[in-house]
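Dear colleague,

Please find below the sequence and the structure that I am handing over to you. My notes on it follow directly after.

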Amino acid sequence: MIRQVLSAQASAGLDAWARLLHAHASTTRALSGSLLAEHGLTLKDYEALLRLARAEDGRMRRVDLAEDLMLTASGVTRLLDGLEAAGYVERASCSTDRRVVYAVITDLGRNKLEEASESHLAEVQALFDERFRPEELEQLAELLARLPGAADAVGEDCGP
């Protein structure tokens, strides 16, 4: 009997895990595809511009941005190289420590973020509104907040 209960609990946990992974991958692919098609930005590009726009003076140390975006040093370099080539971000050095390099959002980057935010946030809202009632969304947010690293993530951080 205990074995059946444990198996049922494990099965429910594995089912939830598999659904979470598949939903994340599918949703990320769809939202990133829309952002790319409409605005030439990936979700990571958008998130980088958003974090820079919200940072003090529109600048962050590249290493801190990498950590916030959950990217490696080489991953954030590739990401920022593309944003720099588009004119959305520029590099700045630290006057007191030449080893420190900042990523700084440009006016063009702020304009691109503002432009992309309108359609992106509407698409995110529609994705959930089409599938969940308001009380279900509240419950879903509460449940997901229990997962590691999710408690501090709030939807208000999704727009500039």
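Predicted model: local features only at pLDDT ≥ 70, side-chain atom pairs only at ≥ 80, totals over all residues.

Residues are numbered from 1 along each chain as its sequence is written, and side-chain values use heavy atoms, with hydrogens and water left out.

Overall fold

The protein chain has six helices and three strands; helices (H or I, at least four residues) and strands (E, at least two) are DSSP runs, numbered from the N terminus. Read from the N terminus, the order of the elements is α-α-β-α-α-β-β-α-α. Of the 160 residues in the protein chain, 26% are buried. Here buried means under 20% relative accessible area, exposed means over 50%, and partly exposed is in between (1.4 Å probe, protein chains only). Among contacts (heavy atoms within 4.5 Å) with a separation of 6 or more, 53% join residues 24 or more positions apart.

Nonpolar cores

A nonpolar core is a set of buried Ala, Val, Leu, Ile, Met, Phe, Trp, Tyr and Cys residues joined through side-chain atoms within 4.5 Å. The largest one holds 23 residues, and the members that touch the most others are L49, L52, L65, L80, L83 and V89. At least two residues of this core come from each of helix 2 (43–54), helix 3 (62–69), helix 4 (73–85), strand 3 (101–105) and helix 5 (107–129). Helix 2 provides the largest share, six residues. With neighbours within four places in sequence set aside, L65 is in contact with A48, R51, L52, M60, V76, L80 and A103. Another core, of five residues, lies apart from the largest one and includes A92, C94, V100 and V104.

Helix packing

Two packed helices are described by the angle between their axes and the distance between the axes. Axes are lines fitted to C-alpha atoms, for helices over the stretch in contact, and angles run from 0 to 180 degrees between N-to-C directions.

Helix 2 packs against helix 5 at an angle of about 120°, with the axes 10 Å apart. Helix 2 is therefore oblique to helix 5; angles under 35 degrees count as roughly parallel, over 145 as roughly antiparallel, 65 to 115 as roughly perpendicular and the rest as oblique. The crossing of helix 2 and helix 5 is left-handed. A crossing has this hand if the near helix is turned anticlockwise from the far one by less than a right angle, and is right-handed if clockwise. On the helix 2 side the contact involves L43, Y46, L49, L50 and A53, which meet G109, R110, L113, A116, S117, H120 and L121 in helix 5.

Helix 2 also packs against helix 3, at an angle of about 125° and with the axes 11 Å apart, so these two helices are oblique to each other. Helix 2 passes helix 3 in a right-handed crossing. Here K44, E47, A48, R51 and L52 in helix 2 meet L65, D68 and L69 in helix 3.

Two leucines

L43 lies in helix 2 and is partly exposed, at a relative accessible area of 22%. Not counting residues up to four places away in sequence, L43 touches T28, L31, S32, L35 and H120.

L144 belongs to helix 6 (residues 134–144) and is partly exposed, with a relative accessible area of 34%. Beyond its neighbours within four places in sequence, L144 is in contact with L20 and A150. L144 and L20 are 124 residues apart along the chain, and their C-alpha atoms are separated by 9.9 Å.

Salt bridges

The structure holds 12 salt bridges, each a side-chain nitrogen of Lys or Arg within 4 Å of a carboxyl oxygen of Asp or Glu. D64 pairs with R61, the closest N and O atoms being 2.9 Å apart; D64 is partly exposed at 29% relative accessibility, as is R61 at 35%. E84 and R91 form a salt bridge at 3.2 Å, N to O, and R91 is partly exposed at 46%. E130 and R131 are joined at 3.4 Å, N to O, and both are exposed. Through salt bridges that share partners, K44, E47, R51 and D68 form one network.

With kind regards
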